[in-house]
Amino acid sequence: MRQSNTLVPTLRDDPSDAETASHRYMIRAGLIRPLVSGVYSYLPLGYRALRNVERIIREEMEKAGAIELLLPSLHPAELWQESGRWDEYGPELMRLADRHGRAFALGATHEEAITALVRDEVKSYKKLPLTLYQFQTKFRDERRPRFGLLRGREFLMKDAYSFDATPEGLDASYKRMYDAYEAALARCGLTFRAVEADSGSIGGTDTHEFVALSAVGEDTIAQCAGCGYAANVELAESAPEAAAPDTASSAPAGDRFPGGAIVETPGVRSIAQLSAFLGIEPKRIVKSIALLADGKPVVALVRGDRELNETKAKRLLAAANVEMMPEADIAGKLGSAAGFIGPVGLKAGVAIVADEEVRGMGGAVVGANEPGRHRVGVAADRDFRVDRYGDLRTAAPGDGCRRCGGEFRFHKGIEVGHVFKLGTKYSEPMRATFLDETGKPRPYWMGCYGIGVSRLLAAIVEQHHDEAGIVWPAEVAPYRVHLIQASARDAAQTELAERLYAGLRQTGISVLYDDRDERAGVKFADADLLGLPLRVTVGKRAADGVVECKPRTAAEPFELEAPELAAYVR
Ligand code: ATP
Ligand code: MG
Ligand code: MG
Ligand code: MG
């Protein structure tokens, strides 16, 4: 591709709102542009890289025996009502109405759509097992879309769904997908861990996340230095040894939490879970706050609650003699803006008043001040008395691994993939059955498997860049070679560059040819920013048939006779 002919709008300066390397560089290298918060256009080079990631995943899916199809994005509300998720999913589900007022959702995920399809089309055990997958745009009205492609409201996902006749069959299908994910992510040049995960709102029992290690990740994983066992911290905390009730820490809470009972819980990530473990109806988890840190009320976080707005909250807090901390500070402390409780050691108590994410019902969560330990309280009335609370215990430095007693190491990471054994969670309520050997109807044993393709692309950039720009792994790079003609007006250079451009393409090597009439310095800076694996410069020695090669990862260039180039690149 001639650079003069395509659209690569590179920028010298960092965009002001970009907090992560991938966000900065993908904008600056002209790979993506925002349309509105969390919604991006893929420009020609960004789209090529995205398609490379897609190709790698597709190849691994096919190797694993999965079959590609494409489901709709527009789903009738009835479909989501069948599974119960129309109510459960909350405001992340984008909802709309047609001209007759009939309710629809934009697909955030496709368990319902695929179950409905397979229910109607696959009736016999003889057709099982079956694993179907698609690449598709997903829509999620994320509370905080951010970090460019890492958390979008419209993003590309590869999602696969397996259908089996038996739990053992599901185990085998799950294993095939798990292995395919490992292979695909390795080919993408990613450093990642497959970790035990919490099944969250999708449900199901067995589940793993594939987490790309990165300081900007919103997840924290604990990995055992002894046996390698790894889990996300929400799960690690539910390990029996790590969740011993901590009666001592209830003492300072005494008068602040009258009548409170200690309840153990795995990670609380939603009001639904909070309500389940506290045994309080979500409706009764009032918009209120509760605080505790070293026995003192300290901090409150109020997120855009419709009724309890910040001003009102501040007034209430002041009346309760509680100091308010800006959301930004607390989000940082919590480490996870998405989860209610971050796995970090808090120096202060934190209360979170939930917002529309929990459908406007609100709630209060209190974090105490020890690493790996959080106090959770729920205020069920407005004199700020927390009537129930419990301790959360996350894995903390010094904890023993539940497998071998080894020590945990903690890493920040980006969830790029997620595999679940769903069992019959969807097939039962949706009455999706097949006939077994004896002619009896049985629900399918299902699994679902997602990779965020666009997020993965950004995660690759997070792991592969330097101060000058992106450093693409070979399989993902938009082009293999960046051919640069130092001076567009030099006839000998034009002649050699044109010859190399044609020759490389003939041998099947993808080339971006910088034929623009720009200064060489500008072209080199762009080349570093774009990060293609090999820069080939046709410059001063063009008349001698000599070019300068510089792998993006090398510090210094070297010279090569032009005829040797194709062989070198291969
Ligand atoms: P997160 O915890 O980051 O919100 P999730 O657990 O909600 O992600 P899943 O429902 O497991 O996501 O979806 C499968 C995959 O889709 C995730 O592993 C991730 O790679 C990707 N994904 C999810 N949400 C987004 C998003 N808002 N933007 C980009 N990719 C996403
Ligand atoms: Mg999510
Ligand atoms: Mg997640
Ligand atoms: Mg997930």
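## A buried aspartate

Asp159 is buried: 23 other C-beta atoms lie within 10 Å. The cut-off for buried is 20 or more, so Asp159 qualifies. The model behind this count is predicted.

Asp159 belongs to strand 8. Which residues does Asp159 touch, leaving aside neighbours within four places in sequence? They are Thr109, His110, Tyr133, Gln134, Gln136, Cys448, Tyr449 and Gly450. Take Cys448 from that list. In sequence, Asp159 and Cys448 are 289 residues apart. In space, their C-alpha atoms are 7.1 Å apart.

## Around ligand 1

The shell around ligand 1 has 16 residues. Phe155, His418, Gly450, Gly452 and Arg455 come nearest. Gly450 is also one of the contacts of Asp159.

Where does the shell come from? Strand 8 (154-164), strand 19 (408-423), strand 22 (445-452) and helix 11 (453-463) each supply at least two residues. Strand 19 gives the most, with four residues.

What is the make-up of the shell: how many nonpolar, polar and charged residues? Four are nonpolar, seven are polar and five are charged.

## How confident is the model?

The protein chain has an average pLDDT of 78. A score of at least 70 is reached by 69% of the residues. Over residues 199-204, pLDDT is below 50. Beyond near neighbours in sequence, the model gives this stretch 17 contacts.

Residues 282-310 also stay under 50 in pLDDT. For them the model has 107 contacts beyond four places in sequence. The scores for the model are ipTM 0.99 and pTM 0.78.

Notes: Residues numbered from 1 in each chain as written. Chains lettered and ligands numbered in written order. Predicted model: local features only at pLDDT ≥ 70, side-chain atom pairs only at ≥ 80, totals over all residues. Near = placed C-beta within 6 Å. Nonpolar A, V, L, I, M, F, W, Y, C, P; charged D, E, K, R; others polar. pLDDT = per-residue confidence, 0-100. Contact = placed C-beta atoms within 7 Å. Buried ≥ 20, exposed ≤ 12 C-beta atoms within 10 Å, placed from the backbone.
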